[in-house]
Amino acid sequence: METQLVKLTPEQLRELQLAQLDMLRFFKQFCEENGLTFYFIGGGLIGALRTGGFIPWDDDVDVLLPRDDYERLCVLWQEKYPDGRFRLLKTGDHMFTGNIFATVTDTNYTMVKANQTDVDIPHGLVIDVFPLDVCPDGKFARKMQYFHTIIYSLFLAQVVPENHGGVIALGSKILLGIFRGKKIRRKLWRTAEKHMKKYKREENQYMTELCSGPHWMKVKYPKRIYDGIDHVTFEGIELPVASGYKEYLGLVFGDYMTPPPEDQRVPHHDIAYLDLSTPCKVYDDAHRSEYTKTP
């Protein structure tokens, strides 16, 4: 049976946005205290430029970190705040999230996304945390990186990817049918991850977002975009952005200062359940089973 989705009222959406600011403030503070570089991106950045805050219909916050800082973030967060209000969630040996990227979750609230209704994690409000990787210059190397990214995504998320075309969808279904054991799947995605992120920035001219979904892993950005740090004001908070953020936004969104048609001005995440007055259930390692999801 198809999941019934939550339709946010304007009041609920604004309450959700303001709650996400707490995460964003804490995330910024954590990165500053630990010497981690991050960039404010996506719809939030566009909103900062248009009006200084959230786009009225936007329902999430996205941040991007260079791969080394992204991996340090995941380690440091678990060392310093493993059981705090804000949890960093990432699929690994003892957790399955259904995502191919990390999220920071505010456990003071409850929100279940439609693609995670059967996933055993703290279902709070989230900000999405993506790594920024190097895109190799060579055509063959780039094709191999894309191949390894598909393998990584397939066996980490353990679902047939959408919007990849019939051949890739069919191949993905076959591969998931062949490699059903959790140990072999873990080995496959870890090996693929090692290969897809191995390229060095100083040896190549472009960057890419391999963990942002089917469309984004194909996009490449001149590395000069990330040569420095600029800042924007968002809901009264000063946030870091890549110095070439205008070029980045133009490549991704085109005329990003012009709002879309009115029929497209809607939240774009599917929410199965939302309760902004109740904390979500949380789990410690002693009560969390090793992930075993098998389609």
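**Notes on the predicted model: helices, strands and cores**

1. Let's start with helix H4, which covers residues 139-157. This helix has 19 residues and reaches 27 Å from its first C-alpha to its last, close to the 27 Å expected at 1.5 Å a residue. (Helices, H or I of at least four residues, and strands, E of at least two, are DSSP runs numbered from the N terminus; the expected span of a helix is 1.5 Å times one less than its number of residues.) Among the buried residues of H4 are Arg 142, Gln 145, His 148 and Tyr 152. Buried means under 20% relative accessible area, exposed over 50% and partly exposed in between, with a 1.4 Å probe and protein chains only.

2. Residues are numbered from 1 along each chain as its sequence is written, and side-chain values use heavy atoms, with hydrogens and water left out.

3. Please look next at strand S4, residues 102-106, where five of five residues are buried. Ala 102, Val 104 and Asp 106 cover one side, with Thr 103 and Thr 105 on the other. S4 pairs with strand S3 (residues 86-89) in the antiparallel sense over four bridges, and Arg 87 has Thr 105 as its bridge partner. Five bridges also join S4 to strand S6 (residues 125-135), again antiparallel; here Val 104 is partnered by Ile 127. Two strands pair if DSSP finds at least two bridges between them.

4. The loop between S3 and S4 holds Thr 91. Thr 91 is buried, with a relative accessible area of 4%. A polar atom of the Thr 91 side chain lies 3.0 Å from the backbone nitrogen of Thr 97.

5. The largest nonpolar core has 77 residues, and Phe 27, Phe 40, Leu 73 and Tyr 226 have the most contacts inside it. Helix H1 (residues 10-33) gives the largest share of this core, eight residues. Apart from it lies another core, of five residues, including Leu 89 and Phe 96. (A nonpolar core is a set of buried Ala, Val, Leu, Ile, Met, Phe, Trp, Tyr and Cys residues joined through side-chain atoms within 4.5 Å.) Not counting residues up to four places away in sequence, Phe 27 touches Phe 38, Val 63, Leu 65, Leu 73, Trp 77, Val 104, Ile 127 and Val 129; contact means heavy atoms within 4.5 Å.

6. Helix H3 (residues 67-80) is worth a look too. Its buried residues include Leu 73, Cys 74 and Trp 77. The buried residues of H3 pack against H1, strand S2 (62-66), S3, S4, S6 and helix H6 (182-196).

7. Leu 210 sits in the loop between strand S7 (206-208) and strand S8 (220-222), and is buried with a relative accessible area of 0%. Among the residues that Leu 210 touches are Arg 142, Gln 145 and Thr 149. Glu 235, in the loop between strand S9 (229-234) and strand S10 (237-242), has a positive phi of about 50 degrees although it is not a glycine. Glu 235 is partly exposed, at 22% relative accessible area.

How values were computed:
Predicted model: local features only at pLDDT ≥ 70, side-chain atom pairs only at ≥ 80, totals over all residues. Polar contact = N/O pair within 3.5 Å; in protein donor to acceptor, adjacent residues only side chain to side chain.
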